[in-house]
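Reader: I'd like to go through the aromatic rings in this one. Can we start with the structure on screen?

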Amino acid sequence: MTAHDRWHVFRGDSSDMKDLIFSFKRSSLFQLKTELDVFLAHNTEEKVCDFKVKGSWFQRSCVIYAGESLNIVAQMHKKDTAQSIMFGKDNFLVTVYPNVDYAFIVALIVILDKINKRPKK
């Protein structure tokens, strides 16, 4: 862990750096809205992030950009349904743009959910 919090995602049950798929960290220490910098395994210098996640977990919405650009690769927002209102279950609508790995986007969203639901120290 660093001051910005850092997470690593590995293949399978491995924690060996040779099996690293991607890592990410908070863009800044103090945030009112979620902003994460995502680095693919081959980006070892981390001068520029490969993807950026920006959003509001309170509003259950985020946008995933390609690097530092304004090119959107995916979006997610909460979908209100009768079930979500009655039973408190979150449902999300995720839009993944063409030529983007769906599994990667889903992994980012699941991890974002876990980060925001973990107990604060």
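Reader: Is Phe 24 buried or exposed?

Author: Phe 24 counts as buried, because its relative accessibility is 1%. Buried means under 20% relative accessible area, exposed over 50%, and partly exposed in between, with a 1.4 Å probe and protein chains only. This is a predicted model, where local features need pLDDT of at least 70, side-chain atom pairs count only at pLDDT 80 or more, and totals for chains, interfaces and linings use all residues. Residues are numbered from 1 along each chain as its sequence is written, and side-chain values use heavy atoms, leaving out hydrogens and water.

Reader: And how many aromatic pairs are there?

Author: The count is 4 aromatic pairs. Rings of Phe, Tyr and Trp (its six-membered ring) pair if their centres lie within 6.5 Å; planes under 30 degrees apart count as stacked, over 60 as edge-to-face and the rest as tilted. One of the pairs is Trp 7 with Phe 24, which is stacked because the centres are 5.3 Å apart and the planes are at 20°.

Reader: Where do those two sit in the chain?

Author: Trp 7 is in strand S1 (residues 6-10) and Phe 24 in strand S2 (residues 20-26), 17 residues apart. Strands (E, at least two residues) and helices (H or I, at least four) are DSSP runs, numbered from the N terminus. Trp 7 counts as buried at 16% relative accessibility.

Reader: What about Phe 51 and Phe 104?

Author: They form a tilted pair, 4.9 Å centre to centre with 50° between the planes. Phe 51 is in strand S4 (residues 51-56) and Phe 104 in helix H2 (residues 102-117), so the pair ties together parts 53 residues apart in sequence. Phe 51 and Phe 104 are both buried.
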